[in-house]
Amino acid sequence: MNKWYSIENKAESNSVEISIYDEIGDYGTSAKDFIEEVKNVSERDITLRINSVGGSVFDGLAIYNTLRSHRGYVNIKIEGLAASISTVIAMAGDNIEMAENGFFMIHNPFGQSAGEATDMRKTADLLDKIKSEIIEIYSKKSSLSAEELSNMMDKETWLSSQEAVELGFVDNITEAMKVAASFDLSKFTNVNEKEVNDKLGLINNQKSLKMTEELKTWFNGVKEEILNAVNGDKVSSPVEEVSVLFSDNEEIVNKFSELEENAISLREEKEELAGLVGEKEGTIADLTNKVSELEAKLAKSEATETVVEAESDPSIVTEEVVVNEWDSFAKSILK
């Protein structure tokens, strides 16, 4: 049989953990069943986890009164949505915590009635009395006046965790939590249903936005050092190690892992290309030297002997020989 709550005994701490995770009074289970089980826990401490759109006003008020009279310590944890009468139940805690991405919504009680005008007036009077009782409960915890609370209920006011703390409904904020339920909020009038369900599912939540801005600021501060390191230049200052909490947003984690892998791959390709460029530069230098040598040899092989030509043939000059007169005379006789 389905129930809108569960109760689990924690033997190691001698405490009880209760979860209200659906519409109160649904599945044919009333507050009577809840109250009987709570009474059986005796004086043990209770941790009550809430993620509910509300439900039966009368059941909710009965649960609130039971928890307020409980002798053990009651710690309330709003893990996602506390809306309508579930916010009243939350006020029963000795300590009230709320997840960072949670919502706290208060509004006027509403109900259905059938019959004549007298019946309708009785229903309206009853709703006014219930509203007054709820305002009194809120007043004991929050810092708001009865008039302020009444105006907020008239407008159906949705509060973030920070706003709930500031107004005194909640004592402190805990880590953002992803809740499985996707609520049908169509019965409410002042709500962006998609925005609420997305935030409860940790999509576009404030924590992720805050983390993104912090990451952007860090990256802008060190991007010059990163570029210098990739280019092999001297880094002016060491890059500080940054630890970023991504909660359980797997999409962001996977994207950064992919970017990191791509950066490593590009760095390796750059180093490989740098090595190839170095080899090619050496080969080009050798080829340039060989080309110079070949050009020199070619120029030498094409060179011819230089011929000097005179403007006219040189005249032959016979050297004049000195002859002895006796030799000349003897030669003449012999002829």
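Buried here means under 20% relative accessible area, exposed over 50% and partly exposed in between, using a 1.4 Å probe and protein chains only. Helices (H or I, at least four residues) and strands (E, at least two) are DSSP runs, numbered from the N terminus. This is a predicted model, in which local features need pLDDT of at least 70, side-chain atom pairs count only at pLDDT 80 or more, and totals for chains, interfaces and linings use all residues. Residues are numbered from 1 along each chain as its sequence is written, and side-chain values use heavy atoms, with hydrogens and water left out.

**View 1. The whole chain, for orientation.** The chain holds 10 helices and 8 strands. Of its 335 residues, 33% are buried. Take contacts (heavy atoms within 4.5 Å) between residues at least 6 apart in sequence: 67% of them join residues at least 24 apart.

**View 2. Strand E7 and its partner E6.** Thr 157 and Leu 159 point one way from E7, Trp 158 and Ser 160 point the other way, and all are buried. In a regular strand, side chains alternate between the two faces of the sheet. E7 pairs with strand E6 (residues 103–106) in the antiparallel sense, over 4 bridges; strands count as paired if DSSP finds at least two bridges between them. Look for Ile 106, which sits opposite Thr 157 in E7.

**View 3. Helix H5 and the residue that follows.** Just after H5 comes Glu 156, with a positive phi of about 55 degrees although it is not a glycine. This residue lies in the loop between helix H5 (146–155) and strand E7 (157–160), and Glu 156 is buried at a relative accessible area of 6%.

**View 4. One face of helix H1.** Ala 31, Phe 34, Ile 35 and Val 38 are buried in H1 (residues 31–39). Seen down the axis of H1, these buried residues fall within an arc of 95 degrees, so they line one face of the helix. Their cover includes strands E1 (5–10), E2 (15–20) and E3 (45–52), along with helix H2 (57–68).

**View 5. Ser 84, between E4 and H3.** Ser 84 is in the loop between strand E4 (74–83) and helix H3 (85–90). Its phi is near 55 degrees, a positive value in a residue other than glycine. With 13% relative accessibility, Ser 84 counts as buried.

**View 6. Ala 92 in its loop.** Ala 92 belongs to the loop between H3 and strand E5 (95–99), and is buried, with a relative accessible area of 2%. Leaving aside neighbours within four places in sequence, Ala 92 is in contact with Tyr 64, Leu 67, Arg 68 and Val 74. Asn 75 is 17 residues from Ala 92 in sequence, and their C-alpha atoms are 8.9 Å apart.

Terms used
The arc is that of the directions from the helix axis to the C-beta atoms.
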